[in-house]
Amino acid sequence: MPSMTEKLPSLLNGQPVIPVLKIANLADAVPLARALARGGLPAIEITLRTADALEAIRLVASEVEDAIVGAGTILDARQFGEAAAAGSKFIVSPGITRELLAAAKDSDVPLLPGAITPGEIMAAREAGLRFLKFFPAEQSGGIASLKAFASPLADVQFCPTGGITGKNAADYLSLPNVICVGGSWVAPDDLVKAGRWDEIEALARAASKLGR
């Protein structure tokens with residue numbers, strides 16, 4: 001599956017931070033995506049952790065021209081298909097299974113599966129994947145683990161997610177095997193609930209300059 005390896009980094013286009021979003025109120029989806037895109041973070045991950053997640057993906061995909069909307073917390077082939085049909089441009093999973101790999105193989109939508117152990121990373125590599133989610137990052141050794149993987153697994157790159165904040169994101173992005181990081185700090189719940197889109201845009205703009 002080399003196409004998945006090549007397509008997703010190209011789609012992200014050097015974006016250092018991927019906002020990981022849990023949409024509690026469907027009405028927030030479009031203005032939130034617009035604020036993040038204006039701030040320089042057009043690629044976003046909407047997690048399937050709320051009842052309105054798929055509809056939020058549909059709305060963003062159809063109404064926010066600048067957004068590159070992906071779906072997160074995809075656990076099986078059914079969810080993969082639903083997210084792709086809703087307009088997801090990429091699929092993110094906390095882990096990797098044969099079922100997900102098969103779904104990705106039959107789809108043009110690239111998969112970013114999670115892998116944290118050498119065995120999981122090697123299994124993904126055997127499947128043709130060279131770009132993986134490292135989740136949960138902080139709880140799985142964080143920067144020290146990724147540094148240790150850099151030499152023996154030199155052709156694999158990562159997007160760490162889980163415990164990444166504005167304070168440690170730059171440290172992760174300084175690693176040679178990290179393409180980007182995922183995090184929710186650019187869209188805090190209190191700012192989203194209050195509709196303070198200008199402040200979220202400012203957070204996104206600051207995050208877009210990390211690692212550069």
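Begin at the largest pocket, whose lining, sorted by class, has 10 nonpolar, nine polar and seven charged residues. Here Ala, Val, Leu, Ile, Met, Phe, Trp, Tyr, Cys and Pro count as nonpolar, Asp, Glu, Lys and Arg as charged, and the others, Gly among them, as polar. The model is a predicted one, in which local features need pLDDT of at least 70 and side-chain atom pairs pLDDT 80 or more, while totals for chains, interfaces and linings use all residues. Residues are numbered from 1 along each chain as its sequence is written, and side-chain values use heavy atoms, without hydrogens or water.

**Stop 1: the largest pocket**

Select Val-20, Leu-21, Lys-22, Ser-184 and Asp-189, which are the closest to the centre of the largest pocket among the 26 residues that line it. The volume of this pocket is about 510 Å³. On a 1 Å grid, a pocket is an open set of points with protein on both sides within 12 Å along at least five of seven lines, a cavity is a set where a 1.4 Å probe fits but cannot get out, and lining residues have an atom within 4 Å of a point; a volume is the space filled by probe spheres on the points.

Now colour β1, β2, β8 (181-183) and α9, each of which supplies at least two residues of the pocket lining. The largest share, three residues, comes from α9.

**Stop 2: the whole protein**

Along the principal axes of the protein, the C-alpha trace spans about 45 × 35 × 25 Å. Of the 212 residues, 50% are buried, where buried means under 20% relative accessible area, exposed means over 50%, and partly exposed lies in between (1.4 Å probe, protein chains only). Looking at contacts with a separation of 6 or more, residues 24 or more positions apart account for 59% of them, a contact being heavy atoms within 4.5 Å.

**Stop 3: helix α2**

Select residues 29-38, which form helix α2, a mostly covered helix in which seven of the 10 residues are buried. Show the side chains of Ala-29, Val-30, Leu-32, Ala-33, Ala-35, Leu-36 and Ala-37, the buried residues of α2. What do the buried residues of α2 pack against? Their partners are β1, β2 (43-47), α3 (53-63), α9 (189-194) and α10 (197-208). After α2 comes Gly-40, whose phi is positive, near 100°.

**Stop 4**

If you draw a distance from the C-alpha of Ala-51 to that of Asn-25, the two are separated by 9.6 Å, although they are 26 residues apart along the chain.

Next, select Asn-13 in the loop between α1 and β1, and then Thr-73 in the loop between β3 (68-72) and α4 (77-86). Asn-13 is not a glycine, yet its phi is positive, at about 55°, and Thr-73, also a residue other than glycine, has a positive phi near 55°. Which of the two words, buried or exposed, applies to Thr-73? Thr-73 is buried, with a relative accessible area of 16%, whereas Asn-13 counts as exposed at 65%.

Finish the loops at Pro-136, between β6 (131-134) and α7 (142-150). A cis peptide bond joins Phe-135 to Pro-136, with omega at about -5°.

**Stop 5: Pro-160**

Move to strand β7 (residues 157-160) and select Pro-160, a buried residue with a relative accessible area of 0%. Beyond its neighbours within four places in sequence, Pro-160 is in contact with Phe-134, Ala-137, Leu-146, Tyr-172, Val-178, Cys-180, Val-181 and Gly-182. The C-alpha atoms of Pro-160 and Ile-91, 69 residues apart along the chain, are separated by 15 Å.

**Stop 6: the cavity**

Select Leu-8, Leu-12, Ile-18, Val-20, Glu-45, Phe-90, Val-92, Leu-112, Cys-159, Thr-161 and Gly-182 to see its lining. Two or more of these lining residues come from each of α1 (2-12), β1 (17-21) and β4 (90-93). By class, the cavity lining divides into eight nonpolar residues, two polar and one charged.

Key: Helix = DSSP H or I, 4+ residues; strand = E, 2+ residues; numbered from the N terminus.
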